[in-house]
Amino acid sequence: EKSMSDFTSQTKNNTFSKLNILVENLHAIAIFSDDLINDSAFDIVGEILTSISEDYALALGTSFWTGNGVGELSGILNAPDATDSFSGIERVATAASTTVTFDDIYSLIGALKLPYEPRAQFKSNRLGITAIRKLKDSQNRYLWQPSNIVGVPATLAGFPISQAPELATDIEAANAEGLVFGD
């Protein structure tokens, strides 16, 4: 048996294209006086640091999903379709414009490229997860499988599912991106 391999046209013709990677920074600044620290009856520094880290996490999470790329991350939901560019993502439309079915969920799983499947998981808003939990097949069986073990996530079609509050709250609204699947 003979295997064939060949160089790509980019390496044969030396036509590599450049990819610009923009790095955006998220900063937090807290200004408070020594008097406030010294005269406080409780751990004010700990409270301020906790507040900053919560705000930081919320801002980063929002930017990760919905950022526009201007002074923040370019969010996943703002990525072009996979056919449009190198950084595009696959999108799967539901069969009916405002209804999510088992077939739609399996189409979403099937759209993911094979190398990303072993560690893939679903993400949805809390209300989206509630709607998905109610999906039943023709024999009245749920696709959702709750977990009874601490630290082990619930599963949907055999893959873990967890919350991402930034996603659309109504997964059955027209053009909503309320359920994502990937690694």
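This is a predicted model: local features need pLDDT of at least 70, side-chain atom pairs count only at pLDDT 80 or more; totals for chains, interfaces and linings use all residues.
1. Basis. Local features are taken at pLDDT of at least 70 and side-chain atom pairs only at pLDDT 80 or more, while totals for chains, interfaces and linings use all residues. Residues are numbered from 1 along each chain as its sequence is written, and side-chain values use heavy atoms, with hydrogens and water left out.

2. Position of D104. D104 sits in helix α4, residues 102-111; helices (H or I, at least four residues) and strands (E, at least two) are DSSP runs numbered from the N terminus. D104 counts as buried because its relative accessibility is 9% (buried is under 20% relative accessible area, exposed over 50%, partly exposed in between, with a 1.4 Å probe and protein chains only). A polar atom of the D104 side chain lies 3.0 Å from the backbone nitrogen of T101.

3. Two sides of α4. F102, D104, I105, L108 and I109 are the buried residues of α4. They lie on the same side of α4 because they cover an arc of only 170° around the axis (the arc is that of the directions from the helix axis to the C-beta atoms). On the other side of α4, D103 and G110 are exposed.

4. The sheet. An open sheet of 5 strands runs in the order β2-β3-β4-β1-β5, with mixed pairing (two strands pair if DSSP finds at least two bridges between them). β2 (144-145) and β5 are at the edges with a single partner strand each, so one side of each has no neighbour in the sheet. β2 and β3 run antiparallel and are joined by 2 bridges, with W144 opposite L156 in β3.

5. Helices on the sheet. The cover of the buried α4 residues includes β1 (121-124), β3 (155-156), β4 (159-163) and β5 (179-182), where contact means heavy atoms within 4.5 Å. α4 runs at about 35° to β5, and helix α5 (residues 126-133) at about 140° to β4. Axes are lines fitted to C-alpha atoms, for helices over the stretch in contact, and angles run from 0 to 180 degrees between N-to-C directions.

6. Aromatic pairs. The structure holds 4 aromatic pairs (rings of Phe, Tyr and Trp, its six-membered ring, with centres within 6.5 Å; planes under 30 degrees apart are stacked, over 60 edge-to-face, the rest tilted). F64 and W65 are edge-to-face because their planes are at 90°, with centres 5.4 Å apart. F64 is partly exposed at 42%, whereas W65 is buried at 9%.

Notes. A polar contact is a pair of N or O atoms within 3.5 Å; within protein, one must be able to donate a hydrogen and the other to accept it, and residues adjacent in sequence count only if both atoms are side-chain atoms.
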